[in-house]
Amino acid sequence: MLVSLKWLSEYVNVPQDLQAFCDRLDLTGTGVEGVEHVGDAFANIVTARIVSKQKHPDSDHMWVCLVDVGQNNTDDSGNPQPLQIVCGAQNFNEGDHIVCALVGAELPGDIKIKKSKLRGVVSMGMNCSERELGLGNNHDGIMILPQDAPVGVPFAEYMGKSDTVLDLEITPNRPDCLSICGMAREVGAMYSTDWKNPLPDAASKIVIEGEAPANAVTVSIEDAKRCPRYTARLIKGVKIGPSPDWMVERLAAIGQRSINNIVDVTNYILFLYGQPLHAFDCAKLADANGDVNVVVRAAKEGEKLTTLDGQERTLTSDMTVIATPSAGAVALAGVMGGLSSEVTDNTVDIFLEAATFEAGRTSRTSRNLGLISESSMRYERGVDDHEMIERSAAAAALMVEVAGGSVVPLGKGGCGYIDEWPQVSQPKNLKFRMQRFKEFVGADIPQDFAVDALRRLGCAVENSTDDVLDVVSPTFRPDLEREIDLYEEVLRLWGMDRVAPTLPASAKRVGMRTKSQEISAKVNEVLRASGMNETMTYSFAEPGDMARLRLPEDALGMAVQLLNPLNSDQSIMRQTILPGLMRSLSYNLSRGVHNVQLYEIGTVFSTSEGRKKPKERTKVVGVMAGAMGNKSWNVEYASFDFFDGKGVLESIAYELALPKVRFRALDCESAPYLQPGRAAEMLSGGNVVGWVGEIHPLVCKEFDIDTVVVAFELDMNALEKSTQSARPYVDVPAFPPIEVDQNFVVGEDVTHEKLVQVMNSAGGKLLEDVRLFDVYRDDERVGVGKKSMAYTLTYRAADRTLTSEEVERAHERLVNKVVGATGGEVRG
Amino acid sequence: MALKDELRKLEQDTLSSVENASTLQDLETVRVAVLGKSGSLTGYLRNMGNVAKEERAEVGKAVNAARQAVEEAIDARRAVLEVAEMDARIEAGAVDITLPGRSQQIGSRHLINRIIDEVSDIFLGLGYTVGVGPEVETDYYNFTALNAPADHPSRSMQDTFYVRDMSGDSAAVRGESDVLLRTQTSGAQVHAMEDKPLPIYMIAPGKVYRRDVADPSHLPQFHQIEGLVVDKGITFGDLKGTLDHMCKQIFGSNRKTRFRAHYFPFTEPSAEVDVSCGVCAGEGCRMCKGTGWLEILGCGMVDPNVLQMSGIDPEIYSGFAFGVGVERIACLKYNVPDLRMLLEGDMRFLRQF
């Protein structure tokens, strides 16, 4: 909200030190988001007086003047010195008071005043015309001020144009601060100083005169909850026209454009007192017989209303309208008036509404229509239903002042207003336990301070006992409804900075991470140790992402749809992290970064019919492309392939002590995004925990990637279920091993896993380790469709040194079994 | 006697050969020639049988003396040559130690998680547990249970992503829903108060969503770290002390904090916390827009309504809560110029942290 300090200072003393004032506002809860100096346009322009005027020696129309600018130009000892200024105007005399732009001033039209020479004579400024000052079109000569105008005063200050406007952030709990008066009260509380409420004087100016209307004027409220109070006045015989300058200026200072004198009054009162008003053209409300029967009712489902902004709105029954029997809806209660009953140049009689409307409903209406107004913003936060007659009186009196006409007798006994008030809000009686407050804050705040602060905020405070204050909170502070609300008020005015920092005294706590966090930390460590770099991608996804992965749309469950996505590319929640990482990979490749190792641990989402909240699962996904690094003088990295990804998963499995880990080939059916033959799922204890493979070339193409991409995914939940806290300890060997290298030539269909299985079962207790050290294929030497698998077999006994005979026996048995089980053969 | 002279000569010749041996290999050749199986000196020992019986002792003694002298000389020479050869090897082995090392590629932690780790460690040290919560929440946990009931204006402070509710329920406002992407980690507070025994000392880091178009200073998804304490006798001073400690741990002990009164629906009193600007030390500069302060988090004492809704008696217990923007810390501490970099996955960015 914009607040003019000039306006504000009419009701409360505003400190001179602007910075300190803004800091105090900030610290007490009113954020200062901007400061604008309105008089800045008149910087270096001052009031002045012509001391002397002589003909320019070299010109027949210019004058060389000495101009008194007061303290704006002084000699070394500080005495005012007139400035020599050359001037071409003819309309002034010695002794005239004028406006002088000093060196450094900037005038409208980008004119910078500099020290200059005009036909050889030095000129130290400029005497200004109204047009030069941007104040009008008068350029007949320089602006002549009255003889009593002071000399040497900033022109903005002299003209009353100097103002500072603060842009204040009013939090949603403070509807009272959405007005100049409310801010005056707040500033009074901030500085323990009194403020002057202009309302009683303004309201007392009202004169009820003239004749009561011949026709009936009635107001009826159908639902008190929707409209707790509705008041109306009738101002007859107004003349619509421009507003007086003072009002235009005040509204302009807070960013409001002047419309006409009647509408401006409603705005002026709204900003001054926080009371939204609406002025109807009374003639447009009248029924055929001339009666005005205003009804506040629920809108009909589908009812239409064209609001003041010219838009036709379709209403729902949740909304409230002001209506008449003949015209139907004429205003959207609390949000905006209707176009048909708008005040126009031809309006003569004003029906002035001052009311309160239900906060939550106003908020909903506003949001449903996407229509936020100064009124709706106040109604949704809460407008005080008390003193409404006074505020309406102030408005009506001001209308008569600026637009003529008279406030005619109306209502009970011709009191001048109709007042329907079916639901009266009550001030709240609250306790304030002083000792508890001090303990809660942890500071020794004096009772006198608390009492004074609460009173200045508008509360009535009585001391019932030494410790407990009886506080009555005012109706304009709907946020003060509990004791804690009062604590906040006293604390913020006392100053949060004055409370000493402490730490909680209790020792009943221990810091802990959850199991899943610990596992996540371990996975992170292994991935980083494996050279993978953690990244983050959007949780949003493109609906086409599943197709990009060659997956049916429902392969990973039903996607979670956003009702209000930012764009169609991000209209659902991701069901897999892979597309996001593929995009990041593509991003890197397109920028010349060819070695990419990325991973993300994040949430994926899916839902199903009948579900409220979607299912969330945590996945760890990695992608690798290029190699671990560039070729270096002493290292050369192999290009990534399937086994780099598998190696990462094996390291994770080792670190998490996953039991019974094995990999099973994945076919195109179950993993269409992977290249068949280079794709596997990882199992632990028979349960699938993830997959690894090279991304299918067709999928790579979808992401504009033209290189081998190795990817893997693990399900964190599955890892958490499988992980073991520790592997059992195995004795460090005390006796030496005997290693035997052995090759087997087997068919391509015989897997390494199969060979190891057979060797392990055949090797018995003595076989400690099987390590594959070579895979060799050669159509001639090994044979077509065959491969030579070379293993180092480690034999060892835990309790003795093995003899070579023992090992030979065991090894022979092993070789025979392998050959028998695989149809392979041994070659030298 | 000739034999003795022979021996002496052999000894002399051998000693000089030993002395002249310039490599260990030369020396070994000399040793083998004299002391080896068919070495010259060995020959004398082998031929002892041919020596006259009465001379045998004397000859034997002489041979042994010669052998001992030779062996000693060889050992001495070997020691010298070994040192020389090692020196030569060392000299030849010198490398340009400015050549790059053979290091492993170590991966990097994402900056945001690095900060979350850092803050988690601070609070683990203070005895807090680290919790998590779901990213898709119901309206109840994101707003209502946090004292922002339906149609409360505080809801408009945050622009919310709504999710299609598959349960068939419909929301009061068109285009909205009971199910949403959480706009704050504060829902974790409610879950904790409902599920955990008292007292509670916890933080809950996590991803949150708001409907902001991505630009250098906004992202539609970002991270918060929620903190919650509920215990007997918790004071506003405790909140100040805790957050002051956190800020000093993160930004440095020379930094100051400032508490500005503010409004959040779920805390009362509420405050925003600023940390003194590290660039200008509070003097005012471009970084802090001339204020000397940088806004860092929101906090407050847990509102009694929030405690009550979770079944905790606010007359007995009090508490505080706070929410820190992790991206905000990233910007302030690491000068990340454009938040979108956090989601691009550019290796050249990621590997800096």
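Let's start with two strands that sit side by side: S39(A) is joined by 8 bridges to strand S40 of chain A, residues 786–795, and the two run antiparallel. As for the words, strands (E, at least two residues) and helices (H or I, at least four) are DSSP runs, numbered from the N terminus, and two strands pair if DSSP finds at least two bridges between them. Please keep in mind that this is a predicted model: local features need pLDDT of at least 70, side-chain atom pairs count only at pLDDT 80 or more, and totals for chains, interfaces and linings use all residues. Residues are numbered from 1 along each chain as its sequence is written, and chains are lettered from A and ligands numbered from 1 in the order in which they are written.

Back to our pair. Val770(A) stands opposite Leu793(A) in S40(A). Helix H21 of chain A, residues 752–763, packs on the sheet and touches S38, S39 and S40 of chain A. Its direction makes about 150° with that of S39(A). Helix H22 of chain A, residues 804–822, packs on the sheet too, touching S38, S39 and S40 of chain A, and its direction makes about 15° with that of S38(A). When I say touching, I mean that the C-beta atoms of two residues, placed from the backbone, lie within 7 Å. Axes are lines fitted to C-alpha atoms, for helices over the stretch in contact, and angles run from 0 to 180 degrees between N-to-C directions.

So what is the strand order in this sheet? The 3 strands form an open sheet in the order S38-S40-S39 of chain A, with antiparallel pairing. Strand S38 (738–747) and strand S39 (767–776) of chain A stand at the edges with a single partner strand each, so one side of each has no neighbour in the sheet. From one strand to the next, the twist averages 25°.

At what angle do H21(A) and H22(A) pack? The angle is about 140°, and their axes are 9 Å apart. That makes H21(A) oblique to H22(A); in this scheme, angles under 35 degrees count as roughly parallel, over 145 as roughly antiparallel, 65 to 115 as roughly perpendicular, and the rest as oblique. Their crossing is right-handed, and the rule is that a crossing is left-handed if the near helix is turned anticlockwise from the far one by less than a right angle, and right-handed if clockwise. Among the residues that meet are Leu755(A) and Val758(A) in H21(A) and Leu814(A) and Val818(A) in H22(A). The contact of H21(A) with H22(A) divides into 8 nonpolar, 2 polar and 3 charged residues. Here Ala, Val, Leu, Ile, Met, Phe, Trp, Tyr, Cys and Pro count as nonpolar, Asp, Glu, Lys and Arg as charged, and the others, Gly among them, as polar.

Let's move to another helix pair in chain A. The axes of H15(A) and helix H18 of chain A, residues 642–655, come within 9 Å and cross at roughly 140°. That makes H15(A) oblique to H18(A). H15(A) passes H18(A) in a right-handed crossing. The contact is made by Lys522(A), Val523(A), Val526(A) and Leu527(A) of H15(A), with Val648(A), Ser651(A), Ile652(A) and Glu655(A) of H18(A).

Chain B has a helix pair to compare. Helix H1 (residues 2–20) and helix H2 (residues 24–35) of chain B have axes that come within 9 Å and cross at roughly 160°. H1(B) and H2(B) are therefore roughly antiparallel to each other. H1(B) passes H2(B) in a left-handed crossing. By class, their contact has 4 nonpolar, 2 polar and no charged residues.

Finally, how do the chains meet? The contact takes 87 residues from chain A and 78 residues from chain B. On the chain A side, H14(A) gives the largest share, 6 residues. That side divides into 35 nonpolar, 31 polar and 21 charged residues.

One last look at the overall layout. The domain assignment of chain B gives domain 1 (2–93) and domain 2 (111–350), with bounds that come from an automatic or database domain assignment. The centres of these two domains of chain B, taken over C-alpha atoms, are separated by 88 Å. In chain A, the C-alpha centres of domain 4 and domain 5 lie 57 Å apart.
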